[in-house]
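Hi,

Here is the structure I said I would pass on. Have a look at it first, and then read my notes below.

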Amino acid sequence: MAANPSPPRQFGCPWPEFNDGLIYHDVVPPPDDGLTLIQFYSSKYKSSAPLQGWLQRIKNKQITVDESVVTDPDAVLRFLARSLSPFYFYYIVLFHNILLFNFFTFRVGSKLVYHRLPWKEPDAPYILEVLYEDDDMIALNKPSGLQVLPGGLFQQRTVLTQLKWEANKQSTVKAHQRLHFVPVHRLGRGTSGLLLCAKTKLAKARLASYFADGTSQIGGKRDTNKEHGKIAKIYRALVSGIVDNDKVIINQPIGIVKYPDVATGLYVASESGKPALSIVNVLERGVQGNNTLVQVQIESGRPHQIRIHLSFIGHPLLGDPLYAVGGQPKCLDCDVINERFAADGGYERPTKPVPGDCGYYLHAHQLIISHPVTNEVIEIIAPLPSILQTKS
């Protein structure tokens, strides 16, 4: 049935000027015994800052070792051995019945803490519209420009943060409940539309499995006209150029390549990648503007799948700053290493396009899903922005 929630509501709190910073905890493991402080951080967290940036952070008293500030980058880290008292040994044997526990020392590494100073995150919207809500899940209309989960420069200005703040408000009103709102899938920062979130651990597990099942079933031959699984995801997009065929099925695999300023690599069209399937239907052809309005149903959920697949067939999303024809990045000099660092020691903002950059037109429009508890089929629709509406 179509979702018919109570009157639409919105929530969201304005972002503070600065976030709370971050704290990273580490314990020196055996293989790192003997490393210097700068060697440890510049190797383990090389995607966070270049060598000179980590030197600045150490000199700036942002790192402690066993609760003491250390400003010497050449301080040697140790994996220590400490003795257990006979009483402690007796306690373990007596209460845990460990008859073969026959040594009197244990090994523990030094505890390292890096304090990342608060910073002003880039501008981002904060108001979220509720499209559907019950005791188990909540569906939101995410605005373009808002990141879903923390990452990179966005650690506080995310959907997850607003969900936590809203859960705290509701938990205060309903003291007998502890609510845990959490997204069960992702939308790109520049993508708007329907984002499904769980409110309980059971709903989270089941909804996440629906999204995972759709992706895992892609690979072999299948009837693309046949519905299957417990979820259907339909998007609207505006692409460059005129798509000739009314329906296009894209099954190009998606893989990862090295790319500057993206530590985990960039997803691209790749024959050695993982299977992915998108079904594209043309809605309108804008001959004068040389663009096409399309509907896309994705049968899998690879990162940036629609952007990659449509660019692969020669029709990148209109305004996409990253992907070019062929499903590859516009920037191909992927071996360039950026060693410049900002005031906080971290890398400067990327000079080349990265996946989180906005400017394209993609909207998660419709979701048909089996309810994670009742199994009732629910259809949820996110209103379309004007540019993605048909003119007729």
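Let me start with helix α2, whose buried residues pack against α1 (37-44), β3 (63-65) and β7 (111-116). Please keep in mind that this is a predicted model. The residues of α2 (residues 51-59) that are buried are G53, W54, R57 and I58. They lie on the same side of the helix, because the arc they cover around the axis is only 140 degrees. After α2 comes K61, which has a positive phi, near 65 degrees.

Next, the cores. The largest nonpolar core has 54 residues, and L140, L196, L207 and L310 have the most contacts inside it. Strand β11 (residues 192-198) gives this core its largest share, five residues. Leaving aside residues up to four places away in sequence, L207 touches M137, V184, L196, A198, I369 and P372. Apart from this core there is another, of 15 residues, including F40, A49, I58 and V70.

Finally, strand β12 (residues 231-240) is mostly covered, with nine of its 10 residues buried. It pairs antiparallel with strand β20 (residues 362-370) over seven bridges, and there I231 has I369 as its bridge partner. β12 also runs antiparallel to strand β17 (residues 291-298), to which eight bridges join it; in that pairing K233 stands opposite I298.

Happy browsing, and best wishes

Notes:
Residues numbered from 1 in each chain as written. Predicted model: local features only at pLDDT ≥ 70, side-chain atom pairs only at ≥ 80, totals over all residues. Heavy atoms only, no water. Core = buried A, V, L, I, M, F, W, Y, C linked by side-chain atoms within 4.5 Å. Buried < 20%, exposed > 50% of the residue type's maximum accessible area, 1.4 Å probe, protein only. Helix = DSSP H or I, 4+ residues; strand = E, 2+ residues; numbered from the N terminus. Contact = heavy atoms within 4.5 Å. Pairing = 2+ DSSP bridges. Arc of directions from axis to C-beta.
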